[in-house]
Amino acid sequence: ITPGGTIYIFNKDNTGKMKVPLNDYPFTYKIEDNKLSIDYEEKSAFDPVYECTIKDDKLIFKGDNGTFTFKKVIMSE
């Protein structure tokens, strides 16, 4: 969760969604060598690749479009 209200949800089956205040954006993802690749279902969306790091309760994405820090929350099934 970012201060602006963006939430990323990552499911174990490599699907997920980015939630922003007025919309949800479904995607698939993969992680290889600490690189997170996101492929949004919306074909016109930018599909980012991030270097990802977990430090304490923070999830940090660093990519060509900036660095983003999220509070890590693990939800039970």
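Mentor: Happy to. Searching the whole structure turns up three salt bridges, where the term means a side-chain nitrogen of Lys or Arg within 4 Å of a carboxyl oxygen of Asp or Glu. Before we go on, this is a predicted model, in which local features need pLDDT of at least 70 and side-chain atom pairs count only at pLDDT 80 or more, while totals for chains, interfaces and linings use all residues. Residues are numbered from 1 along each chain as its sequence is written, and side-chain values use heavy atoms, with hydrogens and water left out.

Let's start with D24. Its side chain meets that of K17 in a salt bridge, at 3.8 Å from N to O. D24 also forms a salt bridge with K19, and here the closest N and O atoms are 3.4 Å apart. K17, K19 and D24 are therefore linked in a network of salt bridges.

How exposed are these residues? D24 has a relative accessible area of 31% and is partly exposed, a class that lies between buried (under 20% relative accessible area) and exposed (over 50%), using a 1.4 Å probe and protein chains only. K17 counts as partly exposed too, at 29% relative accessibility, and K19 is partly exposed with a relative accessible area of 27%.

Now for the pair K58 and D57, whose side chains meet in a salt bridge at 3.6 Å, N to O. K58 is partly exposed at 36% relative accessibility, and D57 is partly exposed with a relative accessible area of 32%. As a general point, side chains of opposite charge can pair when their charged atoms come close.
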